[in-house]
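Good morning, everyone, and thank you for making the time.

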Amino acid sequence: MTGYAVVDVEASGRSPWRHRVVEVAVVLLDARLRPEGEFATLIDPVGPVGPTHVHRIAQEDVVGAPRFREVAPQLLDLLAGRVLVGHHVTCDHAFLDREFARIGVALPPVPLLCTMRMARDQLPEAVGWGLAACAAAAGFGPYPAHTALGDARATADLLRHCLGAVATPPAELHAAAEQPWPRLARARSLGEERPVPLVRRELPAHRSPHDAGYPGPSLTATGGE
(Lines give C-alpha, C1' and ligand atoms only; values in the text may rest on other atoms or scores of the structure.)
Protein backbone atom coordinates (compact mmCIF):
# COMPACT_ATOMS: atom_id res chain seq x y z
CA MET A 1 0.00 0.00 0.00
CA THR A 2 1.49 3.33 -1.03
CA GLY A 3 0.90 6.59 0.77
CA TYR A 4 2.24 8.31 3.88
CA ALA A 5 2.99 7.12 7.40
CA VAL A 6 3.02 10.14 9.70
CA VAL A 7 4.95 9.19 12.81
CA ASP A 8 5.76 10.64 16.19
CA VAL A 9 7.60 9.19 19.15
CA GLU A 10 7.99 10.31 22.73
CA ALA A 11 11.26 9.20 24.27
CA SER A 12 13.06 8.93 27.60
CA GLY A 13 15.69 11.42 26.43
CA ARG A 14 17.24 13.07 23.40
CA SER A 15 19.71 10.41 22.28
CA PRO A 16 18.48 7.49 20.14
CA TRP A 17 21.59 5.59 21.23
CA ARG A 18 21.18 6.08 24.99
CA HIS A 19 17.44 6.58 25.41
CA ARG A 20 14.32 4.62 24.54
CA VAL A 21 10.93 5.16 22.93
CA VAL A 22 8.14 5.42 25.53
CA GLU A 23 5.24 6.15 23.15
CA VAL A 24 4.74 5.77 19.41
CA ALA A 25 1.95 6.81 17.05
CA VAL A 26 1.36 6.41 13.32
CA VAL A 27 -1.30 8.18 11.26
CA LEU A 28 -1.80 6.65 7.81
CA LEU A 29 -2.74 8.71 4.75
CA ASP A 30 -3.17 7.37 1.25
CA ALA A 31 -1.46 8.81 -1.83
CA ARG A 32 -4.16 11.50 -2.07
CA LEU A 33 -3.74 12.39 1.62
CA ARG A 34 -7.01 10.78 2.66
CA PRO A 35 -7.00 9.22 6.17
CA GLU A 36 -6.73 5.44 6.40
CA GLY A 37 -6.25 4.84 10.11
CA GLU A 38 -4.09 5.43 13.13
CA PHE A 39 -2.10 3.44 15.68
CA ALA A 40 -0.80 4.51 19.09
CA THR A 41 0.47 2.94 22.28
CA LEU A 42 2.69 3.61 25.25
CA ILE A 43 5.85 1.49 25.29
CA ASP A 44 7.59 -0.06 28.29
CA PRO A 45 11.21 1.15 27.89
CA VAL A 46 12.44 -1.40 30.46
CA GLY A 47 13.93 1.50 32.39
CA PRO A 48 13.20 5.13 33.33
CA VAL A 49 10.60 6.95 31.25
CA GLY A 50 12.63 10.15 31.35
CA PRO A 51 11.27 13.73 31.38
CA THR A 52 7.71 13.34 32.66
CA HIS A 53 7.42 17.14 32.78
CA VAL A 54 7.70 17.15 28.97
CA HIS A 55 5.75 14.12 27.74
CA ARG A 56 3.57 13.70 30.87
CA ILE A 57 4.20 9.95 30.99
CA ALA A 58 4.86 8.69 34.51
CA GLN A 59 6.68 5.48 35.33
CA GLU A 60 3.46 3.83 36.48
CA ASP A 61 1.80 4.66 33.15
CA VAL A 62 3.96 2.15 31.28
CA VAL A 63 3.28 -0.73 33.67
CA GLY A 64 1.56 -3.33 31.53
CA ALA A 65 2.41 -1.55 28.28
CA PRO A 66 4.05 -3.59 25.50
CA ARG A 67 7.77 -3.62 24.95
CA PHE A 68 8.95 -2.39 21.56
CA ARG A 69 9.61 -5.92 20.30
CA GLU A 70 5.96 -6.78 20.89
CA VAL A 71 4.62 -4.00 18.64
CA ALA A 72 7.48 -4.12 16.12
CA PRO A 73 5.74 -6.53 13.66
CA GLN A 74 2.70 -4.25 13.46
CA LEU A 75 4.85 -1.14 13.05
CA LEU A 76 6.74 -2.74 10.17
CA ASP A 77 3.45 -3.56 8.46
CA LEU A 78 2.19 0.00 8.94
CA LEU A 79 5.34 1.67 7.61
CA ALA A 80 5.99 -0.63 4.67
CA GLY A 81 5.54 0.93 1.25
CA ARG A 82 4.99 4.45 2.56
CA VAL A 83 6.81 7.76 2.70
CA LEU A 84 7.80 8.42 6.32
CA VAL A 85 6.60 11.84 7.52
CA GLY A 86 7.38 13.69 10.72
CA HIS A 87 7.98 17.13 12.17
CA HIS A 88 11.78 17.03 12.30
CA VAL A 89 11.41 13.57 10.81
CA THR A 90 15.09 12.67 11.13
CA CYS A 91 14.64 12.59 14.92
CA ASP A 92 11.63 10.24 14.86
CA HIS A 93 13.31 8.10 12.22
CA ALA A 94 16.51 7.86 14.27
CA PHE A 95 14.64 6.61 17.36
CA LEU A 96 12.69 4.04 15.35
CA ASP A 97 15.82 2.95 13.52
CA ARG A 98 17.68 2.35 16.79
CA GLU A 99 14.75 0.51 18.40
CA PHE A 100 14.52 -1.83 15.42
CA ALA A 101 18.31 -2.26 15.38
CA ARG A 102 18.20 -3.39 19.02
CA ILE A 103 16.00 -6.32 18.00
CA GLY A 104 18.10 -7.14 14.94
CA VAL A 105 15.96 -5.49 12.25
CA ALA A 106 17.49 -3.07 9.75
CA LEU A 107 15.05 -0.49 8.42
CA PRO A 108 15.32 0.02 4.65
CA PRO A 109 16.25 3.43 3.20
CA VAL A 110 12.83 5.01 2.74
CA PRO A 111 11.91 8.50 1.50
CA LEU A 112 11.40 11.01 4.29
CA LEU A 113 9.26 14.15 4.34
CA CYS A 114 9.79 16.77 7.04
CA THR A 115 6.90 19.10 7.80
CA MET A 116 9.27 21.43 9.64
CA ARG A 117 11.19 22.02 6.42
CA MET A 118 7.98 22.34 4.43
CA ALA A 119 6.63 24.89 6.91
CA ARG A 120 9.72 27.08 6.49
CA ASP A 121 8.71 27.55 2.85
CA GLN A 122 4.93 27.55 3.23
CA LEU A 123 4.45 29.36 6.56
CA PRO A 124 6.93 32.24 6.69
CA GLU A 125 4.67 34.04 9.18
CA ALA A 126 5.21 31.35 11.84
CA VAL A 127 6.80 32.64 15.06
CA GLY A 128 8.94 29.49 15.27
CA TRP A 129 9.41 26.12 13.63
CA GLY A 130 8.26 23.83 16.39
CA LEU A 131 5.10 21.87 15.71
CA ALA A 132 2.87 24.04 17.92
CA ALA A 133 4.04 27.26 16.25
CA CYS A 134 3.61 25.82 12.76
CA ALA A 135 0.16 24.45 13.59
CA ALA A 136 -0.88 27.86 14.92
CA ALA A 137 0.44 29.60 11.79
CA ALA A 138 -1.59 27.18 9.66
CA GLY A 139 -4.72 28.20 11.58
CA PHE A 140 -5.21 24.97 13.51
CA GLY A 141 -6.78 24.95 16.93
CA PRO A 142 -5.21 23.66 20.15
CA TYR A 143 -4.11 20.02 20.26
CA PRO A 144 -2.59 17.72 22.92
CA ALA A 145 1.08 18.50 22.31
CA HIS A 146 3.81 16.09 23.44
CA THR A 147 1.53 13.10 23.12
CA ALA A 148 2.60 10.86 20.27
CA LEU A 149 -0.86 10.62 18.73
CA GLY A 150 -1.67 14.29 19.26
CA ASP A 151 1.58 15.31 17.57
CA ALA A 152 1.15 12.78 14.75
CA ARG A 153 -2.37 14.04 14.03
CA ALA A 154 -1.19 17.66 14.01
CA THR A 155 1.72 16.72 11.74
CA ALA A 156 -0.67 14.96 9.34
CA ASP A 157 -2.83 18.09 9.25
CA LEU A 158 0.25 20.21 8.60
CA LEU A 159 1.36 17.90 5.78
CA ARG A 160 -2.01 18.23 4.11
CA HIS A 161 -1.95 22.00 4.56
CA CYS A 162 1.51 22.34 3.00
CA LEU A 163 0.91 19.93 0.16
CA GLY A 164 -2.12 21.97 -0.84
CA ALA A 165 0.39 24.45 -2.25
CA VAL A 166 3.25 22.20 -3.34
CA ALA A 167 2.70 18.75 -4.80
CA THR A 168 4.87 15.92 -3.54
CA PRO A 169 7.18 14.61 -6.27
CA PRO A 170 5.60 11.36 -7.47
CA ALA A 171 9.02 9.71 -7.38
CA GLU A 172 8.90 9.72 -3.57
CA LEU A 173 5.70 7.71 -3.46
CA HIS A 174 6.92 5.36 -6.17
CA ALA A 175 10.25 4.82 -4.44
CA ALA A 176 8.54 4.05 -1.15
CA ALA A 177 6.13 1.60 -2.77
CA GLU A 178 8.94 -0.30 -4.48
CA GLN A 179 11.21 -0.57 -1.43
CA PRO A 180 11.28 -4.10 0.06
CA TRP A 181 10.53 -4.23 3.78
CA PRO A 182 11.48 -6.85 6.37
CA ARG A 183 8.87 -8.93 8.15
CA LEU A 184 9.04 -9.95 11.77
CA ALA A 185 7.44 -12.87 13.56
CA ARG A 186 5.29 -12.50 16.63
CA ALA A 187 7.18 -11.86 19.87
CA ARG A 188 7.73 -15.02 21.90
CA SER A 189 6.85 -13.14 25.07
CA LEU A 190 3.23 -13.02 23.87
CA GLY A 191 2.86 -16.76 23.44
CA GLU A 192 0.72 -18.04 20.62
CA GLU A 193 -2.60 -16.32 21.30
CA ARG A 194 -2.25 -13.44 23.77
CA PRO A 195 -2.98 -10.11 22.04
CA VAL A 196 -0.49 -7.27 22.13
CA PRO A 197 -1.37 -5.26 25.28
CA LEU A 198 -1.71 -1.80 23.73
CA VAL A 199 -1.96 1.08 26.22
CA ARG A 200 -3.32 4.20 24.55
CA ARG A 201 -3.53 7.57 26.26
CA GLU A 202 -6.97 9.14 26.27
CA LEU A 203 -7.03 12.23 24.05
CA PRO A 204 -9.75 14.75 23.17
CA ALA A 205 -11.69 13.98 20.01
CA HIS A 206 -9.81 15.26 16.97
CA ARG A 207 -11.43 17.04 14.06
CA SER A 208 -9.16 17.78 11.13
CA PRO A 209 -9.45 21.17 9.45
CA HIS A 210 -9.41 19.28 6.13
CA ASP A 211 -12.33 16.86 6.44
CA ALA A 212 -14.87 15.58 8.92
CA GLY A 213 -13.84 11.94 8.60
CA TYR A 214 -10.34 12.32 9.97
CA PRO A 215 -8.49 10.59 11.62
CA GLY A 216 -9.91 7.28 10.42
CA PRO A 217 -10.16 3.95 12.20
CA SER A 218 -7.94 2.92 15.07
CA LEU A 219 -5.59 0.11 14.07
CA THR A 220 -5.19 -2.73 16.57
CA ALA A 221 -1.87 -4.48 16.92
CA THR A 222 -2.00 -8.12 15.96
CA GLY A 223 1.54 -9.07 16.89
CA GLY A 224 2.65 -10.01 13.39
CA GLU A 225 2.70 -13.43 11.85
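Which residues are buried in helix 3? Please keep in mind, while you look, that this is a predicted model. The buried residues of helix 3 are V89, D92, F95, L96, R98, E99 and F100, and if you ask what they pack against, you will find strand 1 (3–11), strand 2 (21–29), helix 2 (68–79), strand 4 (82–86) and strand 5 (112–114).

Let us now check the length of this helix. Helix 3 is followed by G104, a residue whose phi is positive, near 85°.

When the whole structure is searched for aromatic pairs, one is found. This pair is made by F68 and F100, whose ring centres are 5.0 Å apart and whose planes meet at 80°, and because an angle over 60 degrees counts as edge-to-face, that is what we call the pair. Since F68 belongs to helix 2 and F100 to helix 3, the pair ties together parts that lie 32 residues apart in sequence. Both F68 and F100 are buried. As for R98, this residue lies over the face of W17, at 3.9 Å from the ring centre.

Next, I turn to empty space inside the model. Rolling a probe the size of a water molecule over the atoms is a way to show where empty space is left. How many cavities of 30 Å³ or more are there? The count comes to one, and the largest cavity holds about 40 Å³ of space. The residues that line the largest cavity are L79, L84, H93, L107, V110 and W181.

Finally, let us step back to the chain as a whole. The protein chain has seven helices and five strands, and, read from the N terminus on, these elements follow the order β-β-β-α-α-β-α-β-α-α-α-α. Of the 225 residues in the protein chain, 51% are buried.

Methods:
Residues are numbered from 1 along each chain as its sequence is written. This is a predicted model: local features need pLDDT of at least 70, side-chain atom pairs count only at pLDDT 80 or more; totals for chains, interfaces and linings use all residues. Side-chain values use heavy atoms; hydrogens and water are left out. Buried means under 20% relative accessible area, exposed over 50%, partly exposed in between (1.4 Å probe, protein chains only). Helices (H or I, at least four residues) and strands (E, at least two) are DSSP runs, numbered from the N terminus. Contact means heavy atoms within 4.5 Å. Rings of Phe, Tyr and Trp (its six-membered ring) pair if their centres lie within 6.5 Å; planes under 30 degrees apart count as stacked, over 60 as edge-to-face and the rest as tilted. A charge sits over a ring if NZ of Lys or CZ of Arg is within 6 Å of the ring centre and within 35 degrees of the ring normal. On a 1 Å grid over the protein atoms alone, a cavity is a set of points where a 1.4 Å probe fits but cannot get out, and a pocket is an open set with protein on both sides within 12 Å along at least five of seven lines; lining residues have an atom within 4 Å of a point. Grid points are joined across faces, edges and corners, and a volume is the space filled by probe spheres set on the points.
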